[in-house]
Amino acid sequence: MNTLKISNLCKTYTNGVKALDDVSLEIQNGLFGLLGPNGAGKSSLMRTIAALQQPDAGTVLFNGVDIVKDPTYIRKQIGYLPQDFGVYPKISAIDLLNHLAILKGLSNKQARAKQVEALLDQTNLLAHRNKAVSSFSGGMRQRFGIAQALLGDPKIVIADEPTAGLDPEERNRFHNLLSEIGEQVIVVLSTHIVEDVSNLCTQMAVMNSGRLLVHGEPQQFTSELQGATWEKIVCKESLDAYTHLDVISQRLYAGRVKIHVKSLVAPGEDFQLVTPDLEDVYFNVLAMNSPKNQAVCSGN
Ligand code: ADP
């Protein structure tokens with residue numbers, strides 16, 4: 001079992017943005033979903049875990065080793081799938097993977113060739129191994145990204161917003177691949193797409209404005225809203241009539257708006273009690289921690 005223990009991590013960039021504000025978190029093998037809107041601080045946390053940037057304060061222990069002090073330790077154990085690789089060279093998938101394997105320290109030629117082939121197979125790219133990565137579709141590139149992240153059998157895999165730009169079928173394949181990997185190692189998946197987390201992750205956290213708002217099991221959070229989530233489909237023009245209620249989510253629904261309201265009793269006429277989903281949890285957590293609600297709570 002691998003353990004990642006993050007304690008009191010802080011990071012303020014030179015422009016004054018506080019991207020990590022006292023973040024503490026413990027993660028073990030399995031798929032961990034880190035949810036948060038754009039700008040929440042997810043990438044900053046991912047880059048810190050991957051020892052690509054230093055925090056101002058706090059510690060990150062991977063299997064007991066302080067990786068802020070000893071970044072090479074985690075660099076040997078980690079597979080990192082960044083948001084975007086940028087430019088892809090015009091060389092074939094197999095040659096590029098082989099090259100990346102050399103950079104990762106896989107010096108034995110035979111063992112390297114064996115692993116490169118196994119990873120191309122695992123990511124369903126064997127048939128495309130001689131094609132240039134630059135000609136790959138978005139889904140193929142993401143699978144290639146996973147293949148390169150798995151070189152050298154990492155004990156922790158970090159995937160930063162990996163499903164952006166994938167079509168539903170590609171996303172599904174990618175999810176299956178991630179959950180296979182998650183059985184053996186820690187996989188941290190950072191995303192702003194709630195569905196990615198609800199389909200996949202056994203543990204999750206929500207971040208916003210550099211702070212970790214909640215941390216636990218998705219089912220635990222949805223059960224907390226059980227019996228208190230009400231739904232009504234309303235027309236857009238009448239939305240103002242519901243602002244006095246605790247509206248946790250609004251989704252477009254066939255030209256109208258489906259609103260979910262948090263309430264222990266029926267909030268009004270024609271509201272149906274519904275089974276809460278992770279989207280309700282996510283928006284509720286964000287709303288409860290918004291500056292407006294914080295001000296109300298503290299009486300300011
Ligand atoms: P997320 O991944 O959740 O979108 P980021 O960690 O990328 O969030 O960003 C958190 C905040 O820090 C944002 O306000 C972003 O603009 C800022 N930020 C990120 N990287 C830098 C940087 N290198 N220099 C200055 N500000 C940054």
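Author: In the side chain of S44, an N or O atom sits 2.6 Å from an oxygen atom of the ligand, which falls under polar contacts (pairs of N or O atoms within 3.5 Å; within protein, one must be able to donate a hydrogen and the other to accept it, and residues adjacent in sequence count only if both atoms are side-chain atoms). The protein buries 65% of the 560 Å² that the ligand exposes when taken alone; accessible areas come from the Shrake-Rupley method with a 1.4 Å probe, and for residues only the protein chains shown count as cover.

This is a predicted model, in which local features need pLDDT of at least 70 and side-chain atom pairs count only at pLDDT 80 or more, while totals for chains, interfaces and linings use all residues. Residues are numbered from 1 along each chain as its sequence is written, and side-chain values use heavy atoms, with hydrogens and water left out.

A polar backbone atom of A40 is 3.0 Å from an oxygen atom of the ligand. For N15, a polar side-chain atom lies 3.3 Å from a ligand nitrogen atom.

Around the ligand there are 13 residues, of which G39, G41, K42, S43 and S44 come nearest; a residue counts as near if one of its heavy atoms lies within 4 Å. By class, this shell has 5 nonpolar, 6 polar and 2 charged residues, where Ala, Val, Leu, Ile, Met, Phe, Trp, Tyr, Cys and Pro count as nonpolar, Asp, Glu, Lys and Arg as charged, and the others, Gly among them, as polar. Helix α1 (residues 42-49) gives the largest share of the shell, 4 residues; helices are DSSP runs (H or I, at least four residues), numbered from the N terminus.

Technical notes
Helix = DSSP H or I, 4+ residues; strand = E, 2+ residues; numbered from the N terminus.
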